[in-house]
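This briefing sets out selected features of a predicted model.

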Amino acid sequence: MYPLRRRTVTALSVTTLLFVLPVTQSATADPVTAGEAEPDSARAVYRVPETDPASRTAVNRTGALVLSVDEGTAFVTATPEQAERLRSRGMTLHRVADGPTQSQSAPARPAEFPPEDSGYHTYSETLAEIEEAATDHPGIVDSTSAGSSARGRDIPVVKISDRADVDEAEPEVLFTCNQHAREHLTAEMCLHILRRYTDGYGSNPGITEAVDNREIWIIPMVNPDGATYDVAGADYRGWRRNRQSTPVDLNRNWGYRWGCCGGSSGDPSQPTYRGPAPFSAPEIASVRDFVESRVVGGRQRITAHIDFHSFSELVLWPYGYTTADTAPGMTREQYRRFAELGNAMADTNGYTPMQSSDLYVTDGSVNDWMWAEHGILSFTFEMYPSGGGLDGFYPPDEVIQRETSRNDEAVAMLLDEAGN
Ligand code: 0X9
Ligand code: CA
Ligand code: CA
Ligand code: CA
Ligand code: ZN
């Protein structure tokens, strides 16, 4: 179990929330008119033993949200009403976080991590890292923009390859991070890949071979508004979605079988709100446009993809919208390829491999769209830690190096497989 932190996520009661909201909003200049009533941190956290894929999907359908799963034990955020409903269906919920855990007089922070977590990169520090990589390695780094976030922040895309300024006929691989605001360790994962495949070029033979024979695309922060909002308060906010006027769960906004199957919410106040239409979130429309721009001569050049999330230490593959292994666009043979590669990658990092719907059903998630619409071998990695409540989103910066390099072999394996 993850050790308790000095700085914990505030789990506010509804009354407390109403009390602090105006202060919080004026401090951030990031007003949001709807959906604000229920950040996950305003709900209580419960430990729920002995869950299975069906019961976890049922939990999410009430509007409660599964945060993590470790050997069947789930941690869930829920309102009192949602918790009551789950109990009336025979589930056991142990409340583990209760009421405010942070002094309400703590000063609001600007868009920065608390000093003890300064090893994490803010949005502007992320831009600076990209700049630095491009300056230090001019021939092999090229950075562009996928588009703009809801609040006008650029969503940078970095390319790493020999002759980076030329579109060569090399298999292309995409890494995306930080769709969910509070999953800050994932942005570090993308920055780690960026540093590793640039600093190691010319000295590390495996890295040199990959950079010479692949085109590596990295999007370190799909959700820069949400990531910034999550840290710009007196405490971490436990924020998941983007910062549109009605916030959207970006990993429910993708267009393949969007909203089909009870794996997202149509209620704007819920954490898995899918938005009013597929690709309604500008961040997701931007990443979609980027991926579509890689269709050259009628062929999608990106062959493999990892979308990094936290947490639970899992390797997940499509489909997420159905519990069936095979479905339209997923033959038995294709499923086996996902499962084999997923298992092989999990052998290298100690994560648990499974089809994503074995965690719980989702619709409108990124892997389903990448695979069904573009034939991209698309995985989700849920990073460290393996279980726990809201604190699991905020591991201390001391673990960044260990937990990002933990995926070096898996990343190398995917880059290799992208040529097959
Ligand atoms: O719910 C999500 O979008 C991902 N988990 S997270 O805790 N990071 O929010 C999991 C997406 C994987 N897909 C499915 N489970 N179907
Ligand atoms: Ca620290
Ligand atoms: Ca090249
Ligand atoms: Ca190319
Ligand atoms: Zn996530």
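Ligand 1 has 14 residues around it, and those that come nearest are Arg 240, Arg 252, Tyr 360, Thr 362 and Glu 382. The space that ligand 1 takes up is the largest cavity of this predicted model.

**Ligand 1**

- By class, the shell around ligand 1 consists of 7 polar, 4 charged and 3 nonpolar residues.
- The side chain of Arg 240 places an N or O atom 2.6 Å from an oxygen atom of ligand 1.
- Arg 252 also approaches an oxygen atom of ligand 1, with a polar side-chain atom at 2.8 Å.
- Ser 356 takes part through its backbone: a polar backbone atom of this residue is 3.0 Å from a nitrogen atom of ligand 1.
- On its own, ligand 1 has 420 Å² of accessible area, of which the protein covers 99%.

- Distant parts of the chain are linked by the pair Glu 116 and Glu 398, which are 282 residues apart.
- Glu 116 belongs to the loop between strand S4 (94-97) and helix H4 (123-136), whereas Glu 398 belongs to the loop between strand S14 (377-383) and helix H11 (400-405).

**Calcium ion (ligand 4)**

- Asp 167 (OD), Glu 168 (O), Glu 172 (OE) and Glu 215 (OE) coordinate the calcium ion (ligand 4), at 2.1 to 2.4 Å.
- In sequence, the donor residues of this ion follow the spacing D-E-x3-E-x42-E.
- Because Asp 167 lies in the loop between strand S6 (154-160) and S7, and Glu 215 in strand S8 (residues 215-219), the pair ties together parts that are 48 residues apart in sequence.

**Backbone geometry**

- Ser 310 and Phe 311 are joined by a cis peptide bond, with omega about 5 degrees.
- Phe 311 is located in the loop between strand S11 (302-310) and strand S12 (314-317).
- Another cis peptide bond joins Pro 318 and Tyr 319, where omega is about -5 degrees.
- Tyr 319 is found in the loop between S12 and helix H9 (332-349).
- Although Asn 178 is not a glycine, this residue has a positive phi of about 65 degrees.
- The loop between strand S7 (172-177) and helix H5 (184-199) contains Asn 178.

Conventions. Residues numbered from 1 in each chain as written. Chains lettered and ligands numbered in written order. Predicted model: local features only at pLDDT ≥ 70, side-chain atom pairs only at ≥ 80, totals over all residues. Heavy atoms only, no water. Near = heavy atom within 4 Å. Polar contact = N/O pair within 3.5 Å; in protein donor to acceptor, adjacent residues only side chain to side chain. Areas by Shrake-Rupley, 256 points an atom, 1.4 Å probe, with all protein chains shown as cover. 1 Å grid on protein atoms, 1.4 Å probe; cavity = no way out; pocket = protein on both sides within 12 Å on 5 of 7 lines; lining within 4 Å. Sits in = over half its atoms within 2 Å of the grid points. Nonpolar A, V, L, I, M, F, W, Y, C, P; charged D, E, K, R; others polar. Helix = DSSP H or I, 4+ residues; strand = E, 2+ residues; numbered from the N terminus. Donors = N, O, S within 2.8 Å, 3.2 Å for Na, K, Ca; no water.
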